[in-house]
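Biologist: Please put the model on the screen. I would like to go through the fold, the loops and the charged pairs.

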Amino acid sequence: IAARFAIEAAQVERIAAGMYPNPVLYYTAGNVVLGSGNPQGQGLSPGPASQLVQSIGVSEIIDVWAKRRARMQAADLGVEQQRLFVGDVLREIVLSVRGAFTDLVREQAEHELVRDIKSHYDETTRLARARVRAGEISEAEGQKIELEGLKYQNAVIDSEMELDLARRKLATQLGFASTGQLPGEAIGADTGAPRALPALEPLLARALRDRPDLVAAKKGRQVAQATLTAARREGYPDPSLGLTYTHSEFTVSGDNANTLALTLAFPLPLFDRNQAGVARANLDVKRGESEVARADLRVRQEVAEAVRRVERAAAVLDVYEGAGMLGRADKALRVAETSYKAGSISLLELLEAQRTFIATRMQYLESQDDYRKALAAVKHAVGEKVP
């Protein structure tokens, strides 16, 4: 919203650039007699205002150098540049919202994982209590199991807090007053589907053509060049044309009572030829060219880095999904739980299997999050257009 106000400000500047200079209306009263005037015959002596010569006229600057048109062209380009700036702001907003959404998806998945682990461990705790009562394990071992269960309870509480924070973050990004306006559950992308890795060259060509910040930098260079043209024209002197009506009450001297006159004024550009304005405009042109070069390098770097992030994230997910790490960790946990119930392994071995399973699943969820954010980074780097 604030960025769109800049468009309105640029449109106001466009109105100012198209304004014509105001005409000048002037009035003069002359030939006021001071002291004793020349006698007018028959012994009459003129009073102070008896021989007035009054003139009224209007003058207007003539834009022979098309200065107004040059200012309007620069202002029009400025409006277009502000629209591109708004597009770039929208691009940043989309990245921020996507990041908050993927954080929420990850927190939901982690919360479900922690609750699932806690429910599994609750069953282990129930069996351990029965075994303590039956004398199959010591009371000290049973207490260790109880203490380990408290860790999972705390993990559930922590995950609920993190999930709530993620929902609040997304609600804030969307401008919602509360998390109640969000849907009950955020559904993430199916990262288990076959992944088509993005190709660098087509994406780079698209980014160099469409990315708003780069296009805005190029438009800014055009604005600077148009401003330089306008500044040079401002150094040319503007003639002004005027029309004057004169009424004389000094007809006794031979003046005509009513006359018209045309006036043409032409400033002499001896000192001020807008040298400072031209110098500033030249500097802005150089800055504009530098900004285009910097934006071009930034686009190339960000697109390449985003593509590499996707490739790395996809490779890590393939390790978990294609190599069967998730299945092996799940199977190892089930075997350990069954073996512990049968008394074949110790409590330490069961806890180690559980921690390995949790670490593997958490790392997988983080890898999914990295992949989603990498895809969002590619769209952001390319400059995906926003409706």
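What follows is a set of questions and answers about this predicted model.

Biologist: In what order do the elements run along the protein chain from the N terminus on?

Modeller: The protein chain has 8 helices and 4 strands. From the N terminus on, the order is α-β-β-α-α-α-α-β-β-α-α-α.

Biologist: Which strands are the edge strands of the sheet?

Modeller: The 4 strands form an open sheet with antiparallel pairing, in the order 1-2-3-4. An edge strand pairs on one side only, and this holds for strand 1 (24–30) and strand 4 (258–265).

Biologist: Which residue in strand 2 is the bridge partner of T28?

Modeller: Strand 1 pairs with strand 2 (residues 53–61) in the antiparallel sense, over 7 bridges. For T28, the bridge partner in strand 2 is S55.

Biologist: What radius of gyration does the protein chain have?

Modeller: Along the principal axes, the C-alpha atoms fill a box of roughly 150 × 45 × 30 Å. A compact globule of 387 residues would have a radius of gyration near 21 Å, whereas the protein chain has 41 Å.

Biologist: What share of the 387 residues in the protein chain is buried?

Modeller: The protein chain exposes about 22,900 Å², and carbon and sulfur atoms supply 57% of that area. Residues count as buried under 20% relative accessible area. In the protein chain, the buried share of the 387 residues is 35%.

Biologist: Is A66 buried or exposed?

Modeller: A66 is found in the loop between strand 2 and helix 2 (67–134). Phi of A66 is near 55 degrees, a positive value in a residue other than glycine. Its relative accessible area is 17%, and because the cut-off is 20%, A66 counts as buried.

Biologist: What is the relative accessible area of N31?

Modeller: N31 lies in the loop between strand 1 and strand 2. Phi of N31 is also positive, near 60 degrees, and the residue is not glycine. N31 is partly exposed, with a relative accessible area of 36%.

Biologist: Which residues does K219 touch, not counting those up to four places away in sequence?

Modeller: K219 is found in helix 5 (residues 212–234). With a relative accessible area of 15%, K219 is buried. Not counting residues up to four places away in sequence, K219 touches L77, E80, Q81 and L84.

Biologist: How far apart are the closest N and O atoms in the salt bridge of R106 with D103?

Modeller: R106 and D103 both lie in helix 2, 3 residues apart, which is about one turn of the helix. Both R106 and D103 are buried. The closest N and O atoms of R106 and D103 are 3.1 Å apart.

Biologist: Which residues do salt bridges with shared partners join into one network?

Modeller: A search of the whole structure finds 25 salt bridges. One of them links E92 with R91, the closest N and O atoms being 3.4 Å apart. Within this pair, E92 is partly exposed at 37% relative accessibility, whereas R91 is buried at 4%. The network consists of D88, R91, E92, R211, D213, R298 and E302.

Technical notes
Residues numbered from 1 in each chain as written. Predicted model: local features only at pLDDT ≥ 70, side-chain atom pairs only at ≥ 80, totals over all residues. Heavy atoms only, no water. Pairing = 2+ DSSP bridges. Helix = DSSP H or I, 4+ residues; strand = E, 2+ residues; numbered from the N terminus. Rg over C-alpha atoms; globule rule 2.2 N^0.38 Å. Buried < 20%, exposed > 50% of the residue type's maximum accessible area, 1.4 Å probe, protein only. Areas by Shrake-Rupley, 256 points an atom, 1.4 Å probe, with all protein chains shown as cover. Contact = heavy atoms within 4.5 Å. Salt bridge = Lys/Arg side-chain N within 4 Å of Asp/Glu carboxyl O.
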